[in-house]
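Please read the following note with the sequence and the structure side by side. The numbered points below take up the chains, their contact and selected details.

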Amino acid sequence: MGVATAPQPWPSHHQPTKFLIQRDTASRDDQRQIAVTFPPNYSAAKLDLMNFAVGKLNQLLRLERGWDGLGATQVAETAAGSAIRWLDLLAEEDTFSPQIFPLSNGGAQVEWLAGGESLEIEIGPQGDVGILGLDAAGNVLVEGDYPDPHGSSELIMAARKHLSALSGAVRAAGSSRT
Amino acid sequence: MDNPNSQPGLGMLAGVGDDDVPISGTPSPSFDRPPLVEVALGVEFSPVPGFGAVPLARFADRLQDRYPVVQEYPPLPPNPPIGVDDQIGGGLVVNVGAPSIRLWLLSREQDQLLQIQRDRLIVNWRAGTSSSSYPRYRDALRPAFAREYQGMLSFLMDVGLPTSMPVGVEVTYVNVVAGPSDESSDIGAILRSQRPSEGRLGAPRTTRLQQQWKWTGHDGAASILTMDAAQTAGGGSAIAMNLTARSALGMNAGIDDVLRSLDLCHDEVVSAFVELTEPDRHLEWGRTS
């Protein structure tokens with residue numbers, strides 16, 4: 001599964017054979033950035049969302065220490081990388097763009113809001129993740145952390161389902177206006 | 001596959017102390033002549049900021065007595081969280097900061113390999129051209145893993161880099177069973193589940209098989225066992241069989257949790273090998289317990 005070096009008779013599921021490289025140009029002597037390599041069969045619709053997020057996170061990485069005027073830590077590259085990985089895990093082709101903002105501890109938050117419902121991914125500076133999904137009445141629909149020794153598959157599936165419902169609501173609202 | 005009577009085949013791996021963390025689990029089934037060609041013991045952690053090419057090269061310098069050969073490779077992508085289907089998520093690779101690399105640190109004989117990258121440490125033993133036999137998990141591989149992992153943590157501290165946050169461990173055993181000269185080298189003669197059809201179809205021309213099982217690791221951790229088996233040219237060709245056990249870790253897992261999880265992953269792989277393969281072949285491989 002990737003860690004072994006012996007020749008394998010089956011194709012690796014994890015190693016793209018051809019790369020489309022999306023890399024922000026470093027315009028300064030500033031190495032603080034993330035660059036994402038997408039596999040060749042990556043969904044074009046999702047690619048737009050991911051490129052938006054990569055651009056936004058790279059903007060956040062350029063924030064200086066104390067960006068909030070109160071001594072906030074710079075956004076950690078590990079947090080930005082983790083945000084992209086979790087966005088990839090949770091988003092589908094029709095997922096609308098989230099709000100992405102920095103946290104004073106060096107983390108970042110990715111958040112979707114629609115009709116009073118929400119899904120928040122709070123990423124710590126070491127890449128640890130907390131997920132919270134609420135309905136319009138403030139009831140908790142999704143809640144969990146990563147890493148979690150008891151597994152994250154149920155959390156991921158619940159968060160995907162909630163995000164899909166939010167995207168559906170946004171789509172429905174958009175079509176009712178037209 | 002551990003044989004308590006055998007001597008470690010690799011002197012440089014023997015005698016490494018990791019007595020602080022007693023080996024977990026129960027004694028494993030053991031074979032004198034397991035069909036192993038490679039073992040990989042790994043820990044995955046959140047990417048350590050700043051642990052790029054220069055610190056990795058310095059880390060390699062620190063280990064050059066044991067691993068004089070250094071090679072550079074692209075990094076392995078992160079594993080998906082345990083239990084999450086590979087089809088979820090697009091298989092993308094995220095680089096933070098400067099492009100990251102993976103170093104292979106090889107022993108002179110190239111049978112021992114330490115793979116190190118920003119978010120992964122893997123200790124491999126490879127049969128390769130070495131005349132030595134499988135050096136055994138408890139006698140040599142686990143102590144080597146403990147030593148190199150502890151060494152990496154010390155290095156990070158020494159050079160002022162942040163500590164790593166382990167998220168999971170994995171153990172892979174690569175078996176190559178039978179070969180062109182073996183008359184009984186049909187995959188159905190190796191794997192219990194693959195006995196050939198007695199009807200018109202008979203033995204398959206090629207086989208590619210992946211199976212997964214959930215299991216419970218250290219402290220109830222979510223864990224998964226994967227078997228990949230393939231025989232690409234039908235009967236008479238070698239059968240490759242990989243067994244990989246992965247287990248999740250909690251946010252504050254220490255080195256003792258990592259080692260205990262590794263022990264249980266090892267036990268799971270070895271037990272699965274015994275359960276999945278034909279008892280007739282166990283005799284051929286010299287099962288001793």
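1. From its N terminus, chain B runs through its elements in the order β-α-β-β-β-β-β-α-β-β-β-β-α-α. This gives four helices and 10 strands. Helices (H or I, at least four residues) and strands (E, at least two) are DSSP runs, numbered from the N terminus.

2. The model is predicted: local features need pLDDT of at least 70, side-chain atom pairs count only at pLDDT 80 or more, and totals for chains, interfaces and linings use all residues. Residues are numbered from 1 along each chain as its sequence is written, chains are lettered from A and ligands numbered from 1 in the order in which they are written, and side-chain values use heavy atoms, with hydrogens and water left out.

3. Chain A has three helices and seven strands. Along the sequence, its pattern is β-β-α-α-β-β-β-β-β-α.

4. On burial, the terms are as follows: buried means under 20% relative accessible area, exposed over 50%, and partly exposed in between (1.4 Å probe, protein chains only). In chain B, 59% of the 289 residues count as buried. In chain A, buried residues make up 49% of 178.

5. The accessible surface, computed by the Shrake-Rupley method with a 1.4 Å probe and, for residues, with only the protein chains shown as cover, is about 11800 Å² for chain B. Carbon and sulfur atoms account for 49% of that surface. Chain A exposes about 8600 Å², of which carbon and sulfur atoms supply 51%.

6. Together they bury about 4300 Å², 62% of it on carbon and sulfur atoms. Ile88(B), Leu92(B) and Val94(B) lose the most area on the side of chain B, together 13% of what that side buries. Buried area here is the accessible area (1.4 Å probe) that two parts lose on being put together, summed over both.

7. Which kinds of polar pairing are found between chain B and chain A? The count of salt bridges between them is zero, where a salt bridge is a side-chain nitrogen of Lys or Arg within 4 Å of a carboxyl oxygen of Asp or Glu. Nine residue pairs are in polar contact across the interface (both at pLDDT 80 or more).

8. Over all chains, the structure holds 11 salt bridges. In one of them, Asp94(A) pairs with Arg171(A), with the closest N and O atoms 2.2 Å apart. This pair links distant parts of the chain, 77 residues apart: Asp94(A) lies in the loop between α2 (77–90) and β3 (99–102), and Arg171(A) in helix α3 (residues 153–177). Asp94(A) is partly exposed at 36% relative accessible area, and Arg171(A) is partly exposed at 46%.

9. In chain B, Asp158(B) forms a salt bridge with Arg62(B), with a closest N and O separation of 2.9 Å. The pair joins helix α2 (residues 137–158) to helix α1 (residues 53–62), 96 residues apart. Asp158(B) is exposed at 52%, whereas Arg62(B) is partly exposed at 44%.

10. Shared partners join Arg66(B), Arg147(B) and Glu148(B) into one network of salt bridges.

11. Strand β4 (residues 108–114) of chain A has six of its seven residues buried. Four bridges join β3(A) to β4(A), which run antiparallel; two strands pair if DSSP finds at least two bridges between them. Seven bridges join β4(A) to β5 (residues 117–123), also antiparallel.

How values were computed. Polar contact = N/O pair within 3.5 Å; in protein donor to acceptor, adjacent residues only side chain to side chain.
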